[in-house]
Amino acid sequence: MSAAAPAGETPSAASAARPPVVWSVACSHSGGGGGPMTVKQTATELSIERAGRGGGAPTTTVYKLDGTESKVMGRGGAETTATAKFDGAKLVITTKAEGGDQVQTWSMEGGNLVIERTTPNGPVKTTYKKAT
């Protein structure tokens, strides 16, 4: 995710003029479910590559940043749809799920990537630090 846009520009508009932003991050505070991942943002897409479980092949999820639906893998490997769009400096990702929509809000805080989710057990906040 772009850390900051120049004054007067939205993060998605600002990224159109720059090369893709690539972050390799590791969870620095586990709020649940946060493992290492590589995040790449272009002007039109956000892609997230996560390590495979138990040494398996990595998985990549790609979201369109214009609010249109993207096909993604849900829990248990079932295909579902998701939308992603900016709300100011935050990226809001909404994934369709059987028990109701799941919403993640991505933002930057102090140079760290913060992902906040609402779960049946309450809100979860996971902070990622950029890998060196």
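Which residue forms a salt bridge with E109, and how far apart are the closest N and O atoms?

1. **What you are looking at.** This is a predicted model, in which local features need pLDDT of at least 70, side-chain atom pairs count only at pLDDT 80 or more, and totals for chains, interfaces and linings use all residues. Residues are numbered from 1 along each chain as its sequence is written, and side-chain values use heavy atoms, with hydrogens and water left out.

2. **Confidence.** The predictor's confidence in each residue is given as pLDDT, from 0 to 100. The chain average is 76, and 71% of the residues score at least 70. Among the elements, strand 7 has the highest mean pLDDT (94), whereas helix 1 (residues 11-16) has the lowest (46). Please read two stretches with care. Over residues 2-17 the pLDDT is below 50, and this stretch has 24 contacts in the model beyond near neighbours in sequence; a contact means heavy atoms within 4.5 Å. Residues 28-32 also stay under 50, and the model has twelve contacts for them beyond four places in sequence.

3. **Overall layout.** One helix and ten strands make up the list of elements, and along the sequence they follow the pattern α-β-β-β-β-β-β-β-β-β-β. Helices (H or I, at least four residues) and strands (E, at least two) are DSSP runs, numbered from the N terminus. The chain has 132 residues, of which 32% count as buried. Buried means under 20% relative accessible area, exposed means over 50%, and partly exposed lies in between (1.4 Å probe, protein chains only). Among contacts between residues at least 6 apart in sequence, 29% join residues at least 24 apart.

4. **Strand pairing.** Two strands pair if DSSP finds at least two bridges between them. Strand 2 (residues 37-41) and strand 3 (residues 45-50) are antiparallel, with five bridges, and they form a hairpin with three residues between them. Here T38 has E49 in strand 3 as its bridge partner. Strand 3 also runs antiparallel to strand 4 (residues 59-64), joined to it by six bridges; in this pairing, R50 is partnered by T59 of strand 4. Further along, strand 5 is joined to strand 6 by four bridges, again in the antiparallel sense, and V72 stands opposite T80 in strand 6. Strand 5 has a covered face, made of S70 and V72, and an uncovered one, made of K71 and M73.

5. **Salt bridges.** A salt bridge is a side-chain nitrogen of Lys or Arg within 4 Å of a carboxyl oxygen of Asp or Glu, and the structure holds two. To return to the opening question, E109 forms one with K125, with the closest N and O atoms 3.5 Å apart. E109 lies in strand 8 (residues 102-109) and K125 in strand 10 (residues 122-130), so the pair ties together parts that are 16 residues apart in sequence. E109 counts as partly exposed, because its relative accessibility is 36%, and K125 is also partly exposed, with a relative accessible area of 36%. The side chains of K96 and D101 meet in a salt bridge at 3.6 Å, N to O. K96 is partly exposed at 42% relative accessibility, as is D101 at 45%.

6. **The nonpolar core.** A nonpolar core is a set of buried Ala, Val, Leu, Ile, Met, Phe, Trp, Tyr and Cys residues joined through side-chain atoms within 4.5 Å. The largest one has 16 residues, and those touching the most other members are M37, L46, Y63, L91, I93, W106 and L113. Strand 2, strand 3, strand 6 (79-87), strand 7 (90-95) and strand 9 (112-119) each give two or more residues to this core. The largest share, three residues, comes from strand 6.

7. **A closer look at T68.** T68 is found in the loop between strand 4 and strand 5 (70-73), and its 36% relative accessibility makes it partly exposed. Leaving aside residues up to four places away in sequence, T68 touches A82 and T83. T68 and A82 are 14 residues apart in sequence, and their C-alpha atoms are 8.2 Å apart in space. The side chains of T68 and D66 are joined by a polar contact of 2.6 Å. A polar contact is a pair of N or O atoms within 3.5 Å; within protein, one must be able to donate a hydrogen and the other to accept it, and residues adjacent in sequence count only if both atoms are side-chain atoms.
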